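Visitor: I have a model open here and have not looked at it before. Can you walk me through it?

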Amino acid sequence: MELIVAVNDDWGIGRDGTQPIALSADRKFFRETTRGCLVIAGRRTIEDFPGRKPLPGRVNVALTRSVRELPGFTVCDSPEAALALAQAAPRAMVIGGGSVYRQLLPWCDTAYVTKIHACPESDTFFLNLDENADWYLEKVLQSGEEQGIAYEMCLYRRKP
């Protein structure tokens with residue numbers, strides 16, 4: 001399984017249920033990388049989707065214990081249920097938020113990480129893969145600057 005996340009310099013990923021900085025280059029990278037995938041998201045992340053609707057061109061899975069039905073989503077009330085769906089899919093991607101990443105990271109072997117070189121205040125953080133002995137940076141896929149903020153899209157792999 002794979003994951004995709006945008007992190008700030010302190011590996012913060014969000015505040016009050018949304019991304020503090022949203023770059024159009026990262027949104028495009030997200031759309032292109034997840035297109036055709038089964039995507040797994042938590043309820044709070046889904047509430048931040050445009051119109052709170054499923055992402056088009058993807059199989060949308062909600063990992064949540066707080067609701068039983070979400071139109072356009074397959075709702076799973078446990079990580080094990082989400083993993084079973086992911087294993088049956090040609091390609092599965094964990095897309096957040098913080099608790100969903102923590103629950104499913106042990107089953108991920110690939111991470112697409114957009115590093116946004118800024119440090120807004122965050123209340124949710126992702127594991128710093130640069131300091132984790134289980135992961136390594138395979139390559140920087142692209143980099144640039146938008147709104148005066150530098151960024152890099154990075155590909156991490158879990159060590160065998």
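Visitor: Leaving aside its neighbours within four places in sequence, what is F126 in contact with?
Guide: This is a predicted model. In it, F126 is in contact with L3, V5, V7, W11, I13, Y101 and L105, once neighbours within four places in sequence are left aside.

Visitor: Which residues have the most contacts inside the largest nonpolar core?
Guide: Those are M1, L3, I40 and F126, in a core of 28 residues.

Visitor: Which elements give two or more residues to this core?
Guide: The strands are β1 (2-8), β3 (38-42), β4 (59-63), β6 (92-96), β7 (110-116) and β10 (149-158). The helices are α3 (79-88) and α4 (98-104).

Visitor: What does the second core include?
Guide: The second core is separate and has 23 residues, including I4, A6, I21 and M93.

Visitor: Let's take a helix. Which residues of α3 are buried?
Guide: P79, A82, L83 and A86 are buried in α3. Looking down the helix axis, these buried residues fall within an arc of 100°, so they line one face of α3.

Visitor: Why would spacing like that put residues on one face?
Guide: An α-helix has 3.6 residues a turn, so residues three or four places apart point the same way.

Visitor: And what is exposed on the other side of α3?
Guide: E80 and A88 are exposed there.

Visitor: What covers the buried residues of α3?
Guide: The cover includes the strands β3, β4, β5 (74-76) and β6, along with helix α4.

Visitor: Now α1. Which of its residues are buried?
Guide: A25, D26, F29, T33 and T34 are the buried residues of α1. Seen down the axis of α1, they fall within an arc of 145°, so they also line one face of their helix. Their cover includes β1, β3, β6, β7, β9 and β10.

Visitor: Where do K28 and E32 lie?
Guide: Both are in helix α1 (residues 24-34), 4 residues apart, which is about one turn of the helix. K28 is partly exposed at 45% relative accessibility, and E32 is partly exposed with a relative accessible area of 45%.

Visitor: What about E47 and R43, how do their side chains meet?
Guide: They meet in a salt bridge, 2.8 Å from N to O. E47 and R43 are 4 residues apart in helix α2 (residues 43-47), so about one helical turn separates them. E47 is partly exposed at 36% relative accessible area, and R43 is partly exposed at 30%.

Visitor: And K115 with D130, what do they form?
Guide: Their side chains form a salt bridge, 2.8 Å from N to O. K115 lies in strand β7 and D130 in the loop between β8 (124-125) and β9 (135-146), so the pair ties together parts that are 15 residues apart in sequence.

Visitor: Is K115 buried or exposed?
Guide: K115 has 13% relative accessibility, and residues under 20% count as buried, so K115 is buried. D130 is partly exposed at 45%.

Visitor: Which residues do salt bridges with shared partners join into one network?
Guide: R15, D16 and E121 are joined that way.

Visitor: How many cavities of 30 Å³ or more does the structure hold?
Guide: The structure holds 1. The largest cavity has a volume of about 30 Å³. A6, N8, G12, I13, G14, Q19, P20, I21 and I116 line it.

Visitor: Which elements give two or more residues to that lining?
Guide: Those are β1 and β2 (12-14). The largest share, 3 residues, comes from β2.

Visitor: Last one: how much space lies in the largest pocket?
Guide: About 1,100 Å³. The largest pocket is lined by 42 residues, and T45, D48, F49, I95 and G96 are the closest to its centre. The elements that give two or more residues to its lining are β1, β2, α1, α2, β6 and α4. The largest share of the lining, 6 residues, comes from α4.

Terms used: Residues numbered from 1 in each chain as written. Predicted model: local features only at pLDDT ≥ 70, side-chain atom pairs only at ≥ 80, totals over all residues. Heavy atoms only, no water. Core = buried A, V, L, I, M, F, W, Y, C linked by side-chain atoms within 4.5 Å. Buried < 20%, exposed > 50% of the residue type's maximum accessible area, 1.4 Å probe, protein only. Contact = heavy atoms within 4.5 Å. Arc of directions from axis to C-beta. Salt bridge = Lys/Arg side-chain N within 4 Å of Asp/Glu carboxyl O. 1 Å grid on protein atoms, 1.4 Å probe; cavity = no way out; pocket = protein on both sides within 12 Å on 5 of 7 lines; lining within 4 Å. Points joined across faces, edges and corners; volume = space filled by probe spheres on them.
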